[in-house]
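Please work through the following exercises with the sequence and the model at hand. Each task is followed by a solution in steps.

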Amino acid sequence: MSPVIHMEIERVRAGAKQLSQTAEQLQEGCSRLLTQVRGINWQGPSRDDFIRQYEQIVRKTIAAAEEGIVLGQRVQREADEWQETDQGGVSELSVLAVLPAMTFSKFLGNTWSNFKGIFDPADLNEGIDYMLSTDAGKELIKEAEEKNLGFRLPDGRIIGSKDGKIIPIRFGDSGEGTRGVYQLDPDGNAQTEDQEIVISNDWLTRRLELSGRDGLGNTLAHEMQHAVDDQKGLLSTPPFEGSLDDEAAVEKQLGGELQQHVATEVRAWERGSAVESDRAYRDDGVVSRQEAQDILNKGYEERYEKALNDSEIGKKYTADVYLGESGKVQVDLKPKPALTPISI
Amino acid sequence: MLKKNVSTILKDISVEKYTAPRFSFEYPKGGAVIEFEREGSEPHWRLLVNLEGIEFYYDIHMMKVDVSAEQTARAFYENASSASLPEDVHPYPVLLDSIKGWRYRYRFVDGVSAPLVIEALVLDQVVGGYLCRIQYVAAPEQYEKGLVIYESLLRTFKLM
């Protein structure tokens, strides 16, 4: 610790407070600017380079602000220690060891919690605790327990059934652009029970999208809903035993599988949203036409088509996925025409 | 990355013309166009092209909606589920050779498999009560390669 010659304590504290407020504004500014920059009406390769460079600047800015906060903490401790020493009559050795941290914590109070997320994003326990504080989250865990399903956090804590099937939850690479993923079969071997939930540890995603307990609780609840649905047998269909040449049978099988996928997405989005906004979870057990259309319109329609067109089926057919009159997901297959490769 | 200007590329390749009741467009010879009949739903066409060994497809959706092209484009863009990514482009107005509309692009990830780039143009003009959406979907690593066909499709697209 550097020796202090003179200190105007209130001014130092005011400066530290200003630093805190500036950091909070910085978070909001970074987030707002990033949205604006991404929304610029400009398309082309140079734009993508520009956006990536801009993201790097945002990262550096946040990191620099983080260093500023640490410096602010040091100044605050110096001020606390100076005040204690100045007041005298207190055992320096016994109090200085604990007081700075306590005073600092009290001083920052709510201000710290407001911008904490950007420098110290919520951890899994905080997200789970938030989820469990909501009715929608409690119901989800009750459903998991009824199906002998539990979830294990990295510190060994288990939520749900402790004696049944346990699905680990961890931070990791969940895939670019995702906040989380329920991995049905990470090792590619359907015989092994190796499902897991991975929550994104991407630097920006954690600071801008998963920074708060409620946002993280939403993502956890979403992925845990998929796991509960899986445990209930809602993600599996009987294997297709017909011939790929039987177009109508293949269409029926695929339509059924995709309907199940849409249904679990409807439940997962609803669960996550109910947890985040701490409202009642609504599920009447029926996937309405509007609910299914909302999921398809999120890009799942294109996702399903691409998956089918890239699979074995796509060698024989080209697939169109849509919502039929009945409100159920339909798959229309057309024999793929012969294409002559072209070069440019 | 587009190494050549689209109009230059189009001059270099043979094209064919596809004509439907409400629109027409040109596409590289060797490709094919398929019409899907959607049960109780809106019509949909797909252009398939094998470009240097990779198959790309481009969709033309006719949509019965009672809102503008801009509102439709914004609804599709804002409804996208992906986390906001650098490649995302909010809807913006475009004026091409013979069409006007709202163009956007976003990344889609379902959390399990590889992400997609979804790019679309919703045309301003309403034909027979339909709005037309011309869409290109590709894996990110193939997106730039297939973009040239999408650009040529947009530049030759005509509503009738």
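Predicted model: local features only at pLDDT ≥ 70, side-chain atom pairs only at ≥ 80, totals over all residues.

Residues are numbered from 1 along each chain as its sequence is written, while chains are lettered from A and ligands numbered from 1 in the order in which they are written.

**Exercise 1. State how many helices and strands chain A and chain B contain, and what percentage of residues is buried in chain A and in chain B.**

Step 1. Helices (H or I, at least four residues) and strands (E, at least two) are DSSP runs, numbered from the N terminus. Chain A has eleven helices and seven strands; chain B has three helices and ten strands.

Step 2. Read from the N terminus, the order of elements in chain B is α-β-β-β-β-β-α-β-β-β-β-α-β.

Step 3. A residue is buried if 20 or more other C-beta atoms lie within 10 Å of its own, exposed if 12 or fewer, and partly exposed in between, with C-beta atoms placed from the backbone. Of the 344 residues in chain A, 33% are buried; of the 160 residues in chain B, 41% are buried.

**Exercise 2. Identify the strands that pair with β9(B) and determine how many residues of β9(B) are buried.**

Step 1. Two strands pair if DSSP finds at least two bridges between them. Strand β5 (residues 54-63) of chain B runs antiparallel to β9(B) and is joined to it by six bridges. In this pairing, H61(B) stands opposite R133(B).

Step 2. Strand β8 (residues 116-123) of chain B also pairs with β9(B) in the antiparallel sense, over six bridges. Here E119(B) stands opposite Y136(B).

Step 3. Strand β9 itself spans residues 131-138 of chain B, and seven of its eight residues are buried.

**Exercise 3. Describe the nonpolar core to which I134(B) belongs and list the residues that I134(B) touches.**

Step 1. A nonpolar core is a set of buried Ala, Val, Leu, Ile, Met, Phe, Trp, Tyr and Cys residues joined through C-beta atoms within 7 Å. The largest such core has 41 residues, and those with the most contacts inside it are Y58(B), V122(B), I134(B), I149(B) and L153(B).

Step 2. Elements that each supply at least two residues of this core include β5, β8, β9 and α3 (140-156) of chain B. The most is given by β8(B), with seven residues.

Step 3. Two residues are in contact if their C-beta atoms, placed from the backbone, lie within 7 Å. Leaving out residues up to four places away in sequence, I134(B) touches I60(B), A120(B), L121(B), L153(B), L154(B) and F157(B).

Step 4. Another core, of 27 residues, lies apart from this one; among its members are A136(A), L140(A), F151(A) and I159(A).

**Exercise 4. Give the strand order of the five-stranded sheet in chain A and locate the helix α6(A) against it.**

Step 1. The sheet is open, its order is β2-β1-β3-β5-β4 and its pairing is mixed. The edge strands, each pairing on one side only, are β2 (158-160) and β4 (180-183) of chain A.

Step 2. Direction ignored, neighbouring strands of this sheet are turned by 25 degrees against each other on average.

Step 3. Strand β1 (residues 149-152) of chain A pairs with β2(A) in the antiparallel sense over three bridges, and R152(A) stands opposite I158(A).

Step 4. Helix α6 (residues 135-146) of chain A packs on the sheet and touches β1 and β2 of chain A; its direction makes about 90 degrees with that of β2(A).

**Exercise 5. Explain why α6(A) and α9(A) are classed as they are, and name the residues through which they meet.**

Step 1. Axes are lines fitted to C-alpha atoms, for helices over the stretch in contact, and angles run from 0 to 180 degrees between N-to-C directions. The axes of α6(A) and helix α9 (residues 247-276) of chain A come within 7 Å and cross at roughly 135 degrees.

Step 2. Angles under 35 degrees count as roughly parallel, over 145 as roughly antiparallel, 65 to 115 as roughly perpendicular and the rest as oblique. The two helices α6(A) and α9(A) are therefore oblique to each other.

Step 3. From α6(A), A136(A), G137(A) and L140(A) meet R271(A), A274(A) and V275(A) of α9(A).
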